[in-house]
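Please walk through this protein chain with me, beginning with a covalent link and ending with the chain as a whole.

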Amino acid sequence: MTRARTILFWAAAVALLAGHVILAWHSLTVWRFWEDEAFNLTVPRNLLAGLGYASDGALSGSVITPFDPRISTGPVVLLPVAATLATGMDPVIAARLVPLAYWVLLLGGLAVLGRRIGGRWAALLAVAVPLAFTADAGVSPIQGPADLLGEIPAAALVVWALVVLPRRAWVAGLLVGLAVQAKLIALLVLPAFAVALWVLSDGRGWGRLLDTLRRGWLPLLLVGVPTLLVELAALLSLGPAGFMEHLRALVRFVRSGGQGDAASSVLQKLGTLADSWSLPAAVAALGAVLALALAVTGVVRRWRTATDSERLVIAYALAALVGALAFVGWWATASRLPLWVRHPAPGVFAFFPVIAAVAVWAVPRLGRQRAVRALGAAAAGVLAAIVAAGAVLHVVACFAPRDVTLEGQRGAVAPLAEWVAENDVHWLAADPWGAAVAPIVLTGAHLGLADAPAMADEPRLTGGACATKTLADSGYFRICAAP
């Protein structure tokens, strides 16, 4: 029986690895290079061009904008991208290799946590959960793990912060600080880590609280170090007056989320989240209910009598529950934010797999009654089946034909890039923001928006017909003379 289980485990592990490789390959080389990726890429490109840590400012007046607050993907992602770009390889592949490396770190961290929580099967389930989750719907997606975005890198750093938290809390604090500089919204993980530290502290009542403060002051201080260094660099680069304007713009961006009022409801948000699991929403919701029920029941039953190893699992469980609630609750209740599951994605990638692993751990701790344990084992089996089905469907969907691919984009942009190089064009204006953005970056020109005053005399790139003289035409995109 043990031999059969071992064979089954390794067969499942190999299948899971193959699924992740298929997803990663399509994300890296097949799927389209879209506008947020392109906008982020302007930062490392400008850095290598000697323009400093600056975007093309397409959303900030279409001028070179140092430390652009509209670039919410931070230097923890974009500085390594500059290093890969410096090798001279294809810019899209070079850029996407960095978030893909963070994806590998995320999966490795989840495997470590899952094994620590509930053994090898819990590890397998934890690593499968991100494969079942898909955030590629809507106009602001995460197509896959290689997208040049900060959500997955932030999640990876948060997971490794959980890994090192029990023995090296100060390293965990530093990793959380780096996560914030991968994606600013990672600040929402702080309550989760505070709860975990509290569970791992000694004593009771006020004694435990004091021990939590003693353990937590250095990690909390180190959380701010990466941000302090980035803002110090901004101060030195911008000067006092420019730095104050930078801070005001950053505050405005954080308060608004970079969006107008989307007038979305809590139920709409939760429905969107349920629809993002490669499964019917009702099945995904059932999986969530089972995972939460098992995890919470296990924590409640072992709370007072937990051994040291169980207390560690309880710390992880409460951190994951609080972290998931922070991300999903913030997004669901922020009516100004649109129905983009990308917003809570760092919390989904980091904390949902931990909850699933805790659900496996909880099964033998549900009670002594055989019927209760059998019911718990059945619930865990259904949860595992749901996650496995979601993972399989996500991998199958990778092979579905797409209207736009990276190869197609390259073919459509090649004649335009040749015209840009021959005519020494430095700026192109997207008309409008959207499908025209990525082709501009692929041509090698700087990216602006057609309605920006700074772009009044610059040629436009569009997918429609030119209202003015057509300067270059690839059959799909056109460069038009300025009006």
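In this predicted model, the link of Cys 466 and Cys 480 is left-handed, with -80° about the S-S bond. The two residues join distant parts of the chain, for Cys 466 lies in the loop between strand 5 (460–462) and strand 6 (470–473), whereas Cys 480 belongs to strand 7 (residues 478–480), and the two are 14 residues apart. Their sulfur atoms are 1.9 Å apart and form a disulfide, and the structure holds one such link. A disulfide is a covalent bond between the sulfur atoms of two cysteines.

How accessible are the cysteines to the surroundings? Cys 466 has a relative accessibility of 18% and therefore counts as buried, since the cut-off is under 20%. Cys 480, with a relative accessible area of 5%, is buried as well. A further cysteine, Cys 398, counts as buried because its relative accessibility is 3%.

Ser 62 has a positive phi of about 60° although it is not a glycine, and its place is in the loop between strand 1 (54–55) and strand 2 (65–66). At 2% relative accessibility, Ser 62 falls under the 20% limit and so counts as buried. Ser 278 likewise has a positive phi, near 55°, in a residue other than glycine, and this serine is found in the loop between helix 11 (266–274) and helix 12 (281–302).

Stepping back to the protein chain, its secondary structure comes to 17 helices and seven strands. The radius of gyration is 24 Å, close to the 23 Å that the globule rule gives for 483 residues, so the chain is as compact as a globular protein of that length. Along its principal axes, the C-alpha trace spans about 80 × 50 × 45 Å. Of the 483 residues, 52% count as buried, and among the contacts with a separation of 6 or more, 70% are accounted for by residues 24 or more positions apart.

The surface and the charges complete the picture. The protein chain exposes about 21300 Å², of which carbon and sulfur atoms supply 67%. The chain carries 35 positive and 27 negative side chains, and the centres of these two sets lie 21 Å apart.

How values were computed
Residues are numbered from 1 along each chain as its sequence is written. Side-chain values use heavy atoms; hydrogens and water are left out. A disulfide is a pair of cysteine sulfur atoms within 2.5 Å. Helices (H or I, at least four residues) and strands (E, at least two) are DSSP runs, numbered from the N terminus. Buried means under 20% relative accessible area, exposed over 50%, partly exposed in between (1.4 Å probe, protein chains only). The radius of gyration is taken over C-alpha atoms; the globule rule is 2.2 Å times the number of residues to the power 0.38. Contact means heavy atoms within 4.5 Å. Accessible areas come from the Shrake-Rupley method with a 1.4 Å probe; for residues, only the protein chains shown count as cover. Lys and Arg count as positive and Asp and Glu as negative; His and the chain ends are not counted. The place of a charge is taken as NZ of Lys, CZ of Arg, CG of Asp or CD of Glu.
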